Amino acid sequence: MDEKNAQVNEGVEPVAGEMTPDEARRAERLSRRRMAYSFPQFLALLNVGLILTAAALVLFKTPNHLAFGGTTGFAILFNAALPALPVSVYMWIMNAALVLLGLVFLERRAVLWSAFASFALSGYTSLFEWLMPVTTSLTGDLWLDVCFAVLLPAVGVVMAAIGLFGPRVGLYCVLALIGKTFVVDGFIESIRQRKVCQAICDHPRDVEEFIVKKLGRTATVTFGWGAYSGKRQTILSSVLSRREAMKLRLFVRA
């Protein structure tokens, strides 16, 4: 074995799962290249996102008991069950527990920014609860409150993504947010969709009684006549859900 090979074999081999010094330097260079903002700019974007999320929570989600969104959703549920403590206190407790679990099971460097964001969000929420103690809807319109409860955190998350990963990834997040909005809107609209049903029948009293008493709906009664037969007909029109429309269809056929 020559001297060169001996020097290579005597070197310390990297442990499985750990990066070599060269890999670490390369990863650091790539990270700096992806980071399009300086550290102060990144920190500012991250905090603006957290402030928007906290504002949406205090002003729109909590007064309407909109319990969705991870720890904030659970905090709202706990506050509704035990209102002695504000939402922010439950957030502090849950975030502290999650950070401790993260420190146990995850690499500490990976938990650092998550811990900062969690505690900063809890702090901003406490601040907003102290500055603007809102207990009822600001607008009186649940749909408007839902829109801003979703929109403000979404904008905050996109800003944080731009700060963390650069404009390219941030813009992809914007496209994903728009796509998600269309999908969610389509899903909600499909749930709320109703059918306008018309029953042209010779026994309108039976159909009318079924709609009113069995389905719990109302109907509009009009009269017309067939263009071919010239026969006078009674037409019952009602707005029903898909399931109710199926029940009415089966009843009329029977």
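Does Gln233 count as buried or exposed, and at what relative accessibility?

1. Gln233 counts as buried because its relative accessibility is 19%; buried means under 20% relative accessible area, exposed over 50%, and partly exposed in between (1.4 Å probe, protein chains only). Gln233 belongs to strand β3, residues 232-240. Helices (H or I, at least four residues) and strands (E, at least two) are DSSP runs, numbered from the N terminus. Beyond neighbours within four places in sequence, Gln233 is in contact (heavy atoms within 4.5 Å) with residues including Ile200, Thr222 and Trp225.

2. This is a predicted model, in which local features need pLDDT of at least 70 and side-chain atom pairs count only at pLDDT 80 or more, while totals for chains, interfaces and linings use all residues. Residues are numbered from 1 along each chain as its sequence is written, and side-chain values use heavy atoms, with hydrogens and water left out.

3. The whole structure contains 3 aromatic pairs. Rings of Phe, Tyr and Trp (its six-membered ring) pair if their centres lie within 6.5 Å; planes under 30 degrees apart count as stacked, over 60 as edge-to-face and the rest as tilted. The Phe78 and Tyr90 pair is tilted, because the centres are 5.8 Å apart and the planes at 40°. Tyr90 counts as buried at 9% relative accessibility, whereas Phe78, at 38%, counts as partly exposed.

4. Phe210 and Phe251 are stacked, since their ring centres lie 4.2 Å apart with planes at 5°. Phe210 is in helix α9 and Phe251 in helix α10, so the pair ties together parts 41 residues apart in sequence.
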